[in-house]
Amino acid sequence: MIEEDQIPEWLKEGVTFLIPKNGNTENPKNYRPVTCLPKIYKLMASNISRRMQKYMDDENFMPKEQKGYCSGSKGCEDQLLISKAILQECKRRQKKKLCMAWIDYQKAFNRLPHRWIIKSLELIGINNKVILFTKKVMSCGRTRMRLHT
């Protein structure tokens with residue numbers, strides 16, 4: 001079992017810079033936090049993510065309608081271009097009854113509980129070592145705040 005003290009310090013810590021959104025630096029709401037993580041951490045996470053994506057693609061876990069998630073997709077940009085093409089085709093054919101809806105989950109992934117992420121990985125059969133590592137990294141991660149005035 002991976003213990004917290006087995007995870008190196010460089011993997012546990014990010015640096016969060018508070019960037020002012022406008023000239024009013026008195027109000028904390030006027031700052032946008034940007035967290036920087038070590039390059040090695042990002043390379044490792046990218047490699048794990050790429051392998052998970054390939055596994056999910058190979059096993060057909062995601063429906064084709066989830067274009068924003070598919071590898072090679074540009075997410076919302078692709079979806080908007082598809083919507084625009086449908087709208088143009090309806091106008092060209094003079095179709096009068098077109099209904100469209102968009103749902104914007106603002107900061108959806110910022111609010112996702114870690115236990116849901118772990119449960120999802122378990123449900124799709126991700127390797128137990130990867131799941132355990134992910135649990136440990138998520139539970140012991142921390143950040144240092146930086147504000148330059």
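How does Arg 142 count at 35% relative accessibility: buried, partly exposed or exposed? Arg 142 counts as partly exposed at that value; here buried means under 20% relative accessible area, exposed means over 50%, and partly exposed is in between, with a 1.4 Å probe and protein chains only.

A word on the model. This is a predicted model, where local features need pLDDT of at least 70 and side-chain atom pairs count only at pLDDT 80 or more, while totals for chains, interfaces and linings use all residues. Residues are numbered from 1 along each chain as its sequence is written, and side-chain values use heavy atoms, with hydrogens and water left out.

**Salt bridges**

Searching the whole structure turns up 7 salt bridges, each being a side-chain nitrogen of Lys or Arg within 4 Å of a carboxyl oxygen of Asp or Glu. Here are some of them:

| Pair | N to O distance |
|---|---|
| Glu 9 and Lys 12 | 3.4 Å |
| Glu 9 and Arg 142 | 2.2 Å |
| Lys 54 and Asp 58 | 2.7 Å |

Glu 9 and Lys 12 sit 3 residues apart in helix α1 (residues 9-12), about one turn of the helix. Helices (H or I, at least four residues) and strands (E, at least two) are DSSP runs, numbered from the N terminus. Glu 9 is partly exposed at 47% relative accessibility, whereas Lys 12 is buried at 7%. The side chain of Glu 9 also meets that of Arg 142. Glu 9 lies in α1 and Arg 142 in strand β3 (residues 142-146), so this pair ties together parts that are 133 residues apart in sequence.

Over in helix α2 (residues 39-58), Lys 54 and Asp 58 are 4 residues apart, again about one turn. Asp 58 is partly exposed, at 49%. Shared partners link Glu 9, Lys 12, Glu 13, Arg 142 and Arg 144 into one salt-bridge network.

**Helices α4 and α5**

The axes of α4 (residues 114-123) and α5 (residues 128-140) come within 10 Å and cross at roughly 175 degrees. Axes are lines fitted to C-alpha atoms over the stretch in contact, and angles run from 0 to 180 degrees between N-to-C directions. The two helices are therefore roughly antiparallel, the term for angles over 145 degrees. On the α4 side, His 114, Ile 117, Ile 118, Leu 121 and Glu 122 meet Ile 131, Thr 134, Lys 135 and Met 138 of α5, with contact meaning heavy atoms within 4.5 Å.

**Cysteines**

There are 0 disulfides in the whole structure, counting pairs of cysteine sulfur atoms within 2.5 Å. Cys 90 is buried at 17% relative accessible area, while Cys 99 is exposed at 75%.

Conventions:
Angles under 35 degrees count as roughly parallel, over 145 as roughly antiparallel, 65 to 115 as roughly perpendicular and the rest as oblique.
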